[in-house]
Amino acid sequence: MRIKLYDSLSKKKKTLPSRDISFYSCGPTVYNRAHIGNFRTYVLTDVLIKFLKNAGRRVNWVMNLTDVDEKTIAATRAHYGANAGTRDLKKLTGHFTGLFKDDARALNIDPPDKLIAATSRMGEIVKNIKTLISKGYAYHYGDSIYFDIKRYHGEFRDYGKLAGRGFLSGRRARARVDLDEYDKRQVNDFVLWRGYDQKRDGNIFWDDPILGRGRPGWHIECSSISLSEFGATVDIHSGGVEHLFPHHSNEIAQSQAITGYRPFAGLWLHFEHLLVGKKKMAKSLKNFITLSDLTKKKFRSLDLRFLYLSADYKTKQNFTWEALSAAQEGRRRLLDIISRAKSGGVSTKIRREFLSALADNFNLPKAVAIFFREIENFSIQDFNWFNQILGLFRASEITEMEMVKRRLMHMLGRQLKEREAARKKGNYKKADQLRQQINRRLKREGWQLADMPEGPGLIAL
Ligand code: AMP
Ligand code: ZN
């Protein structure tokens with residue numbers, strides 16, 4: 001099957017290679033709990049990877065964990081005190097890595113083939129910075145080491161191409177920026193190795209005879225992990241849209257400077273953001289919601305997964321509690337239909353249609369609409385097949401739902417018997433009154449009585 005995806009660098013749809021696929025995702029910064037904005041990106045990535053596997057590709061998926069940067073260091077010192085060292089940093093980031101894995105599991109996200117912490121690749125990072133110095137793309141300034149954009153652009157002529165055409169024109173890449181994250185309007189030499197500052201870093205630092213005491217910049221962490229796992233070119237490199245600049249633009253520059261003129265990624269994949277009240281959901285804006293906020297309100301993590309699947313990855317999605325409630329209702333109805341499905345034939349045509357929607361630039365809303373179109377005719381085998389890609393339910397939920405239904409039917413036992421008796425006698429008025437009474441009781445719990453071929457049963461409202 002030919003699979004096309006939009007490439008943010010060439011600004012065109014590209015056909016993916018028909019062989020195995022290497023896939024790198026920029027992972028979370030583990031200094032607090034990931035929010036549901038971050039998880040939009042990871043859930044969509046997960047659906048895409050499940051689809052690629054279903055379409056017969058072997059995918060090797062690597063995700064990094066940013067476990068050293070200014071935020072992780074500041075959080076460690078805030079928590080363990082000003083004397084906190086690298087071991088404390090490991091403890092803090094380890095804790096949030098655990099939470100990240102738990103949340104991902106609750107959202108039915110498959111674990112990546114490798115989840116790689118930046119601090120576990122310090123040797124690679126240091127080696128790459130030294131290569132950049134020896135090739136003349138990096139220089140010492142103060143206690144830090146910076147990437148020389150002007151030198152790079154003079155040769156490669158492609159700095160900032162991800163950010164849009166003509167990005168560099170009229171701009172000067174000469175100021176230095178010491179921060180990992182900075183504004184889209186700035187073009188600055190970025191830090192590769194950030195020199196130690198006692199007041200800021202306390203006991204958290206790495207020593208190297210050439211680089212000095214300090215810690216790596218964020219961009220070189222990702223480049224080093226991708227280069228060491230996949231060599232010069234990875235097939236797909238992905239992240240949220242805010243990574244177009246500076247993060248991915250800088251990753252491209254430093255990686256290509258290391259490897260020569262080889263492209264750092266075959267395809268650049270960017271996911272649009274989850275918003276709240278028209279603003280990006282972000283830790284820094286303090287407008288974020290976590291999975292535990294959701295479950296406290298009696299939502300299931302998979303209700304959120306269902307909500308994510310309703311919007312295209314290239315459009316912004318606005319989060320509201322109403323939309324989540326609607327997703328919760330929709331999923332309950334879906335579970336109910338699945339619980340009534342019979343074992344049987346396979347809907348080949350609809351499966352093919354579903355896959356070709358995904359093969360055309362991952363058109364998830366279209367694929368989901370195709371799935372819902374003929375849902376009433378699906379067999380259990382069909383539902384399990386679709387679920388391998390969409391990941392919308394767990395078998396245990398169906399059992400749970402069956403138990404709820406059984407409890408309700410038991411509770412209504414006397415009224416149901418009376419109604420049956422009235423019907424047999426031809427007393428339809430009484431039978432209908434009883435039906436109304438029963439439905440009033442059921443409505444509160446989200447159910448409704450239905451006369452199935454095998455006798456009275458319940459369907460979700
Ligand atoms: P961070 O932990 O901030 O480095 O972000 C981890 C991942 O989540 C990155 O791929 C980001 O692009 C993505 N991300 C951050 N905020 C949002 C959001 N509001 N909506 C969707 N993805 C996001
Ligand atoms: Zn990254």
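A: N108 is partly exposed, because 19 other C-beta atoms lie within 10 Å of its own. With C-beta atoms placed from the backbone, 20 or more such neighbours make a residue buried, 12 or fewer make it exposed, and counts in between make it partly exposed. The model is a predicted one, in which local features need pLDDT of at least 70 and side-chain atom pairs count only at pLDDT 80 or more, while totals for chains, interfaces and linings use all residues. Residues are numbered from 1 along each chain as its sequence is written, and chains are lettered from A and ligands numbered from 1 in the order in which they are written.

N108 sits in the loop between α3 (86-106) and β5 (114-117). Helices (H or I, at least four residues) and strands (E, at least two) are DSSP runs, numbered from the N terminus. The phi of N108 is near 60 degrees, a positive value in a residue other than glycine. Most residues other than glycine have a negative phi, and most peptide bonds are trans.

N361 is also not a glycine and has a positive phi, about 55 degrees. Its loop runs between α12 (348-359) and α13 (364-373). N361 counts as partly exposed, because it has 16 C-beta neighbours inside 10 Å.

The peptide bond from F245 to P246 is cis, with omega near 5 degrees. P246 belongs to helix α8 (residues 244-259).

Elsewhere, helix α1 (residues 36-54) meets helix α10 (residues 301-308): their axes come within 10 Å and cross at roughly 70 degrees. Axes here are lines fitted to C-alpha atoms, for helices over the stretch in contact, and angles run from 0 to 180 degrees between N-to-C directions. α1 and α10 are therefore roughly perpendicular (65 to 115 degrees; under 35 is roughly parallel, over 145 roughly antiparallel, the rest oblique). The contact is made by I36, R40, V43 and L44 of α1 and L304, R305 and Y308 of α10, where contact means C-beta atoms, placed from the backbone, within 7 Å.

Helix α1 also takes part in the shell around ligand 1, supplying its largest share, 4 residues. α1 and β12 (234-240) each give at least two residues to that shell. Of the 16 residues around ligand 1, G37, N38, G240, H273 and M281 come nearest; a residue is near if its C-beta atom, placed from the backbone, lies within 6 Å of the molecule or strand in question.

Key
Contact = placed C-beta atoms within 7 Å.
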